[in-house]
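Subject: Structure handover

Hello,

Here is the structure for your files. My notes on it follow.

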Amino acid sequence: MIVFLTGFMGCGKSTNGRKLAAAMQYAFIDLDAEIEKLANGSIAGYFDAHGEHAFRELESMLLKTFDFPPNAIVATGGGTPCYADNMNWMISNGLTIYIEMTPSALAKRLERGKDKRPLIRNLSQQELISFIQQKLVEREPFYKRAEIVLNGLNFDVQDCKQIVLNATQKRQR
């Protein structure tokens with residue numbers, strides 16, 4: 001089963017995805033890292049050179065054409081589910097999980113690595129919280145379409161593993 005982890009940047013898709021993949025003995029794919037390989041540079045650099053629209057097109061193309069192994073945990077970008085028909089595609093091609101967190105918790109996590117994230121690198125702490133609140137209003141209708149919603153602050157790899165196994169069994173019936 002392919003498991004797509006969705007949620008806002010900083011919610012733990014990559015960190016928890018690696019742990020979950022190891023616990024399940026699944027492959028781990030970080031969509032952002034694959035985009036960087038394809039673009040031969042950083043996401044921030046791609047954003048600067050080509051803009052957000054070109055980035056979202058590249059991201060959508062890679063999502064839909066990547067040769068995912070049969071059992072994989074995929075950490076998507078924060079905006080991946082919200083562009084084109086990406087969320088519909090993920091729902092049709094795997095199990096979707098939304099890792100949910102509050103704006104203040106996300107801001108606290110994101111403050112440290114802002115320079116690597118083109119959408120937030122120049123924001124003050126208060127601007128960051130406002131930005132996250134605004135983006136969540138736009139993005140949560142997509143995120144909340146996920147089959148499973150988990151609290152990012154209390155994310156437990158073993159619990160998530162069991163949830164994925166249960167969902168897989170249900171689909172096989």
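In the notes on helix packing, contact means heavy atoms within 4.5 Å, and angles run from 0 to 180 degrees between N-to-C directions. Please keep in mind that this is a predicted model.

With those terms, helix 2 lies across strand 2 and strand 3, and runs at about 65 degrees to strand 2.

The sheet itself is open and has five strands in the order 2-3-1-4-5, with parallel pairing. Strand 2 (27–30) and strand 5 (148–151) are at the edges, each pairing on one side only. From one strand to the next, the twist averages 25 degrees. Strand 5 is joined to strand 4 (residues 95–100) by four bridges in the parallel sense; Ile-97 has Ile-148 of strand 5 as its bridge partner.

Helix 1 also packs on the sheet, where it touches strand 1 (2–6), strand 2, strand 3 (72–75) and strand 4. The direction of helix 1 makes about 165 degrees with that of strand 2.

Two or more lining residues come from each of helix 1 (13–24), helix 2 (31–39), helix 3 (43–65) and helix 5 (103–110). By class, the lining has 13 charged, twelve polar and eleven nonpolar residues.

Regards

Notes. Residues numbered from 1 in each chain as written. Predicted model: local features only at pLDDT ≥ 70, side-chain atom pairs only at ≥ 80, totals over all residues. Heavy atoms only, no water. Nonpolar A, V, L, I, M, F, W, Y, C, P; charged D, E, K, R; others polar. Pairing = 2+ DSSP bridges.
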